[in-house]
Amino acid sequence: MSSLPTLPGDDIRQIMWRYSDRYDLQMAVQSARQVARTTVARLVAEGERNNHEWNDKKNELLQSYDASGLTNLYMDPEQGGFIEGPKNMAMALVAFEISWVDAGAATCSLANNLALAPIHERGTREQVEYYMGKASLMDGGTPWRGAFALTEPLPFVGVDTGVLSGKIRIAEWEEGKEPIIDVEKRGRFITNMDFANFVTAAVDSDDERIKGSCMITLEEGDEGTYDRGAPTLKLVHQLSSTRDPVFRLKVPASRIIGGYEVVDGVIVPKYQHSDVIAAVFHRTRIPVGLMTSAKLLSAIEPVIRYQRQRFRGGDSSEGTPRFDMGLQMNEDVTHRLIDVWVTGEAGSSLGFAAAREADQFDPIEKQKDQYCEEQGLTGRKQFMAIRKKEAEVIEYLEQLYAPESEKDADRIAELESDILVKFALGDARANILNPGTKLWNTGYGATMMREAVTLMGGYGTTEDCPGFLGQKWMDAQLEATYEGPEAVQRRHLTLGVTSKIFRKEYSLMIAELERISAEQPDLGTKALASAMKLWEFTLDHLQQSSDANGKKLYHNKRQGVTFPFMDTLCWLIASRYFALDIVELKEKGPLNPVLAENLEAYISFYEKLSKVQIARTVGEVIRSCGEIVFGYATEETEGIDQFRELQKQAEESVIGFKLAKEQAAEALVGVMIPEALDYPA
Amino acid sequence: MPNVYHIVVCGSIVPDPLQTLEPVESPAGPSLKNEMMLPAVLDPWASHALYEAAELVKKCPGSKVWLVSVAPKAKLQQVMMNIAQKVPFELVAVEGASSGFMEAAGTANALATAIDGIADLDKSRLLLFGGWESASRGAGAVMQMLGEKLHVTEQFQGVDVLEVGDDDQFLIKERIEGGSYQVNETSGCPVLLGWATGNLPEPKNNPQVGMLNMRTVMPALQRATKADITTGDVDYKSVSLPKQKRETRVEKNMSADAIADEIVTWLNE
């Protein structure tokens, strides 16, 4: 009998990704799934990805988002939405579900939220009420759609979001009246631009009567030019609209997001554009990472079906292994599919952990802002006030990771009452989880998506490939690039890992994995702890060492050292969150009667997947850290023997793990899959 | 003044039809392989009944819909995440087997008990809705038995149209052979309608309706009573899927008319 009855369904996912008690999220998943597997799939199957222009057929997407209620996902209940509080997890789940079929369609859905995000996060109350109201389905009419215009035409396109050529100047400023502002902005690669009724644009001052930069809203009815521009000739994500718009408009100063003050005759926006972007991008990268993970998991069913049916219809007859098992007679195809599967699982675990963390962090960040405003803490003062809390954050972490019997509830409550402590911890976590999700899920995910396409043979690169795997492979490359390419994420991580708070939590994670291993050895977490120790030692080594030319190894400019090193960190954290999700399934699974009969089989399979992922992670860490440490070593370099010893321990920690991969792969031969894919292809 | 109705829709869950449905023997009788793990949907016939009920409520303000469902409640909960977004209703859940191998009388008994237990149900205003058969059992037996148990003798099966006039005048169209309808007129409640497909599309999702429904759905699931539904005295000698012969061909350039002509030719062979 197979050790895996069926592919994991909602009951298992809800436990692993911790939303089994969130009915609002479960409903959002159902809505998104329905749209994805009907309208979205039909558009892809009918070839609508084969043109760049937005058309009536593609417009059905927007109508289906309205009909499913997803258009209001980002709204609060009083604005017509249905989810109270932060919505990072909701957006992550919806992006995941739609990307299961087509990530361009998911981007189309998310881009509207991205346009609203600056207003939602930093807008005045009037701005929030006006734009959220216009974009809501609550009135029953066609809602406004938005676009977020940050990136600009070459040579300023790309990663440096601090450079803006979009300009604002005072056009009219009559005494006692609202100033009128001239806005000039050229956008590049602006999503939703075919149908956006409003745009939130990043602009810089070109007038001494306006201070600095800001974000400003533009509307299609504004006086001047609202030119949607030329369509981008994308090879990917063709179910999202992308154009290079040109705006030359006159708008009232009240459109500055967050408002402004007039100080000595100068308009001072409350928020610089970088403040707004920081508040927005902090979170929107998580769903993008999950888009690629969804593709990998979506590939499993069509690949298994292809493998099994590969020789049917030929000379082989029913009852022969060739007919019944098809390509699954060969170990290679199932082993490779396990690699695809586990990459999707680990990426999802990491991404949804980041989304949950973001949901917790949102109110903390708002409380921190309020507290700092009340205390007059701005700029460097605020930075120093938060930094002063490091010792308390570390104490808080020790309490959080302590065994239940050793926790001091009073002290935890005391530490949690300090908003700066909670903020510092949340910020340190976000600085790892968010770029980690974006970097690893999309970057390594794209590589593994190629593997999924390979498993379909020549079929994989045709339009007829079930599951649209060829398109998904291409799309993954865009996901690795947009909303901050890989280099930006690696740089972000390079800064994040030097935080004392992260370092403390990292060491506590190692101890936690060893503790889990003592109780649940089948997960393989001891091996993961070994790899984490090797990485930790390497970080210390890099920070203390120089190369043969005397140049420091760990330095902002030494991306040849730091960037590959950050890639290995992502392997580690993805594996950790995957293992923790399996621990959760073991703990909470027995409470679900649906799972009762088969839970052991699923857990056993997942434990094997965990070992597969950890073995691959250990290999990556040994290779990458070895290349860096030995590659820059000299005869005088200290700590090499200790590094070798840790490397050896890591190597030996995965003894026997390959057998787990064999067993997991064998389960793929017996697992029951549906008769047909539940969306057209 | 529109009439006010208390509409009880009976409907359970069935495995998603795209899944592999493989009959197997279990200690409790025949079942489907991995049945608990298969994604489920609300029985399509019952879904039509539910949508028709909700539409009738819109036309008759003050009316109310209860959805009474006998099913494993954890599976039912998953299905509710979708169905609850469609139309407003109050769920009455009964924990019990929903497999197509179960004895219809047992299901009818459980439903009758549950409906009798609805505190604010006015049976003199009752419209008892359900599918004319279930997608799992396909026997069309449960609703008829349920009607008898609840003393609802005005029963109509294969209903596609219900027109409500003043003073509880009902015009009901039942499907009969040859694509025709039998047109019935009746007056007064209670009435039982076993729906075929009706005439309504699937309603748009409304997550806010879903959140409102959830206020009653979750407590209803928690207090669901257990019903001992079994295969009864039925002794299944063997069970198997109907033999099917698939002749699939992918055609991308044929017109709808040409496809229809070819199907007609094939049917006439």
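What volume does the largest cavity have? It comes to about 330 Å³. Keep in mind that we're looking at a predicted model here.

## The cavities overall

Counting cavities of 30 Å³ or more gives 6 of them.

## The largest cavity

This one, with its volume of about 330 Å³, has a lining of 26 residues. If you want to find its centre on screen, look for B:Ser12, B:Asp43, B:Ser134, B:Arg137 and B:Val142, which are the lining residues that lie nearest to it. Four elements of chain B each give two or more residues to the lining: strand 2 (13-15), strand 6 (64-71), helix 3 (104-116) and helix 4 (142-149). Strand 6 of chain B gives the most, with 3 residues.

What sort of residues make up the lining of the largest cavity? They split into 13 nonpolar, 10 polar and 3 charged.

## The second largest cavity

By residue type, the lining of the second largest cavity sorts into 5 nonpolar, 5 polar and 1 charged.

## Chain B as a whole

Now zoom out to chain B, the chain with the elements named for the largest cavity. It has 6 helices and 13 strands. Along the principal axes, its C-alpha atoms fill a box of roughly 55 × 50 × 40 Å. Why does the radius of gyration of chain B agree with that of a compact globule? Because a compact globule of 269 residues would have a radius of gyration near 18 Å, and chain B has 20 Å.

## Contacts, burial and surface in chain B

Take the contacts in chain B between residues at least 6 apart in sequence: 75% of them join residues at least 24 apart. As for burial, 46% of the 269 residues of chain B count as buried, meaning under 20% relative accessible area.

Definitions and conventions. Residues are numbered from 1 along each chain as its sequence is written. Chains are lettered from A and ligands numbered from 1 in the order in which they are written. This is a predicted model: local features need pLDDT of at least 70, side-chain atom pairs count only at pLDDT 80 or more; totals for chains, interfaces and linings use all residues. Side-chain values use heavy atoms; hydrogens and water are left out. On a 1 Å grid over the protein atoms alone, a cavity is a set of points where a 1.4 Å probe fits but cannot get out, and a pocket is an open set with protein on both sides within 12 Å along at least five of seven lines; lining residues have an atom within 4 Å of a point. Grid points are joined across faces, edges and corners, and a volume is the space filled by probe spheres set on the points. Ala, Val, Leu, Ile, Met, Phe, Trp, Tyr, Cys and Pro count as nonpolar, Asp, Glu, Lys and Arg as charged, and the others, Gly among them, as polar. The radius of gyration is taken over C-alpha atoms; the globule rule is 2.2 Å times the number of residues to the power 0.38. Buried means under 20% relative accessible area, exposed over 50%, partly exposed in between (1.4 Å probe, protein chains only). Contact means heavy atoms within 4.5 Å.
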